[in-house]
Amino acid sequence: MQSRNQGNYRNPCLTMHQPWASLLVYGIKRIEGRSWPAPIRGRLWIHAASKVPDESTIKAMEEFYREIYAVNGITEIKFPEHYPVSRLLGCVEVVGCVRGDELAHWEGVPEGVRLEALTDYCWLCEQPQKLVIPFEMRGYQKIYNLEKKIYEAAARGLSKVESPLPVKFLLPDPRDHFSLKPGSLLLNASESKQSEPGKSSSLSAAIAGAQAAAIQYSKNQNHKEVSHNSIPGDGEKEFSSYNETLTRERKQRAGPSSKIFAEAVRALKSS
């Protein structure tokens, strides 16, 4: 795997907040959003940070994924029963990294995947595997190497995961593992608006709720252990626009998605 990575990464690992960490390892989350491009290709180990997620955050994220999978006709999703913290959970294969606007208009992937394009950079993840027994360990900022003993033990305890809708991201150049990089799709967003999935009020509310939950975590993150979550702090401007456009919709429709959104907003304001 060394030849597929840039930099001195032998067994790269990324610490993430829950519930995003488990959702990625379970194959429900296909995109890891960051404010910086992925420096690696190949296996990336996923570690859950020490912060225990609150129930409203978990509900908001699960509702978000129910809605975006429903766009592709998937109505049954098996979410994790638990969201453990301070544990090494498993791994995914990072096959590429594109800009958010590129992913949002990429007709070569399912509509639901495009709806995960909520950040500056989108790390494209395939082949999720989870550890049968998650390992307790400490996490660090950015990407770091697993200790050799932890890696050797973890590699023997992996179990394949069946994603609700497996995705294969095609490389522009199969001989170059870094060919799927920001700017490689050469998409003109202004010419591709017709390919953007339509958003119902429930879907829009779920997206806004996910944004609110993520912003709450970015404000209260543990600086000693983790630096970024799935939605970076600069998503606050994007969330504000969602909040304004959904005000009228929430007055007209008081369904479960709107309640989750409102709960996430209250949690955000109290942080």
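Let's start at asparagine 145. Its side chain reaches the backbone nitrogen of asparagine 11 at 3.3 Å. The side chain of asparagine 145 also reaches the backbone nitrogen of arginine 10, at 2.8 Å.

A word on the model. It is predicted, so to speak of local features we need pLDDT of at least 70, and side-chain atom pairs count only at pLDDT 80 or more, while totals for chains, interfaces and linings use all residues. Residues are numbered from 1 along each chain as its sequence is written, and side-chain values use heavy atoms, with hydrogens and water left out.

Back to asparagine 145. It sits in strand β6, residues 143-145. Strands here are DSSP runs of E, at least two residues; helices are runs of H or I, at least four; both are numbered from the N terminus.

What does asparagine 145 touch? Leaving out residues up to four places away in sequence, Asn8, Tyr9, Arg10, Asn11 and Pro12. Touching means heavy atoms within 4.5 Å. Leucine 14 is 131 residues away along the chain, yet its C-alpha atom is 8.8 Å from that of asparagine 145.

Next, the lining of the largest pocket. By class, it has 13 nonpolar, three polar and six charged residues. Nonpolar means Ala, Val, Leu, Ile, Met, Phe, Trp, Tyr, Cys and Pro; charged means Asp, Glu, Lys and Arg; the others, Gly among them, are polar. Strand β5 gives the most to this lining, four residues.

Technical notes:
A polar contact is a pair of N or O atoms within 3.5 Å; within protein, one must be able to donate a hydrogen and the other to accept it, and residues adjacent in sequence count only if both atoms are side-chain atoms.
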